[in-house]
Amino acid sequence: MDELLTILISRINYWVYIILMMVGMYGIIIKKNLMKKIIGMSILQTSVILFYVSIGAKKNATIPIIEHGHDTGHAAVQATHYINPLPHVLMLTAIVVAVATLGVALALAIKIYKQYNTLEEDELIEILKEKEF
Amino acid sequence: MKAIGVILVGFLGGLLIYCSMDFPPWGDPHSPASSHVSPYYIEHTLEDTSVPNIVTSVLADYRGYDTMFETVVIFTAGIACIFLLRVFKAVEPETRLYRHLPTGITLRIAQGGKFPDDSDQFKRIDSDWVPHDIILQTTCRMIIPFIQIFALYVIAHGHHSPGGGFQGGVIFGASIILFAIAFDLRSAIKRMGERLTAFLCALGVLIYAGVGLVCMLYGNNFLDYSALADILGVDRISARSHGILMVEIGVGLAVMAVMVVLYYNLASAGKHDEGL
């Protein structure tokens, strides 16, 4: 029981992101409405972003800004005192890029709605089938 | 179909939870992600670039290429949005709504009627009638300059505190979007037109690539800012931190303009006449 509890405590963050990712995947695969698919995609992106940010965490470490001032000398900087900046850099750009690509996805959805007057996937497939024949 | 989807998602989730046993525990300082390049970044940032904020120095210096092409991705998304949605044949609505400002009366002028000029007396409003919200507009008028100053602070102070081009650009773009929501899309476009936003999108990316090119002209590698030391008249280490600032300004401009472009086009479905 104790072993299970330690595993739970040390891994629970990953499980939260996995559950978020499953919610997003569910939205993308099963929902018929294109807007809901886009929302699912955003949730999936968020889970990946949270996963990366949690990788950067270190125990007993502070934010990745080196303590500085005019009067403090140049003490040796120890890597264990600062959390990992790399995932933060990657996710910082990923968040803004996610917003921009979400804009493109919404633009495509608006375009589809203008053309076919619906965002439901099954109705769209029917309209496209009718067009072929 | 639904059952297959649930089984697929459940299978994937179970697999990932099973794999999560191999992941390092939370907050482990010796995890693989924190043990290869990241200690180098933390320990050498100050002597390499003289920038205390490691995130900024990694973003714009060590991984300059990555950030440059992220900016290009954002630029491309903005341009793609314009190409997908923008309708250049302006179709004026048949009836327009005008508000007589001194009395607050709304006038509906049908097609063929004489539209009054936009003056102090009459103001055109969106075809979905909006109330005359003086509290909202006054609050936004007071708060927007402070949001914009904060955005500039976030860009300029990214070396010493959390911040940088991406964050500051988004805040600045949000202030303009707030203006467009509180007033209307037409008055926002009147202040910050389509040409200006499209120009700023391109200018931001050009500043970034231009700084890299100048470094190359001085005989260093692309985006190796220590070459700027001769132009700026500082030592090679501080030149890197100044180069990072220039690049961040470019990123901020591009991100701000793209956010505004996305809002203008999505809110009015490309017609740029009336928005939310």
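Helices (H or I, at least four residues) and strands (E, at least two) are DSSP runs, numbered from the N terminus. By that convention, Asp48(B) lies in helix H2 of chain B. This is a predicted model, in which local features need pLDDT of at least 70 and side-chain atom pairs count only at pLDDT 80 or more, while totals for chains, interfaces and linings use all residues. Residues are numbered from 1 along each chain as its sequence is written, chains are lettered from A and ligands numbered from 1 in the order in which they are written, and side-chain values use heavy atoms, with hydrogens and water left out.

**Interface of chain B and chain A**

- Contact (heavy atoms within 4.5 Å) links 58 residues of chain B with 51 residues of chain A.
- The buried area between chain B and chain A, that is, the accessible area (1.4 Å probe) that two parts lose on being put together, summed over both, is about 4900 Å². Carbon and sulfur atoms give 78% of this area.
- Trp26(B), Ile42(B) and Leu84(B) supply 14% of the area that chain B buries against chain A, more than any other three residues.
- The count of salt bridges (a side-chain nitrogen of Lys or Arg within 4 Å of a carboxyl oxygen of Asp or Glu) between chain B and chain A is zero.
- Polar contacts are pairs of N or O atoms within 3.5 Å; within protein, one must be able to donate a hydrogen and the other to accept it, and residues adjacent in sequence count only if both atoms are side-chain atoms. Across the interface of chain B and chain A, 15 residue pairs are in polar contact, both residues being at pLDDT 80 or more.
- Several helices of chain B each supply at least two residues of the side that touches chain A, including H1 (2-19), H2 (38-49) and H10 (236-267). H4(B) gives the most to that side, with ten residues.

**Surroundings of Asp48(B)**

- Leaving aside neighbours within four places in sequence, Asp48(B) is in contact with Tyr40(B), Tyr62(B), Ile237(B) and Arg240(B).
- The side chain of Asp48(B) makes a polar contact with the side chain of Tyr62(B), at 2.9 Å.
- Asp48(B) and Ser238(B) are 190 residues apart in sequence, yet 9.0 Å apart in space, C-alpha to C-alpha.

**Salt bridges**

- Over all chains, the structure holds six salt bridges.
- One of them joins Arg240(B) to Asp61(B), with the closest N and O atoms 3.0 Å apart. Arg240(B) lies in helix H10 of chain B and Asp61(B) in helix H3 of chain B, so the pair ties together parts that are 179 residues apart in sequence.

**Sheet in chain B**

- Three strands of chain B, in the order E2-E1-E3, form an open sheet with antiparallel pairing; two strands pair if DSSP finds at least two bridges between them.
- Strands E2 (105-109) and E3 (122-125) of chain B stand at the edges, each with a single partner strand, so one side of each is left without a neighbour in the sheet.
- Five bridges join strand E1 (residues 96-100) of chain B to E2(B). In E2(B), Ile109(B) is the bridge partner of Arg96(B), and Leu107(B) stands opposite Tyr98(B).
- The hairpin of E1(B) and E2(B) has four residues between the strands, and Gly104(B) takes a positive phi near 80° in this hairpin.
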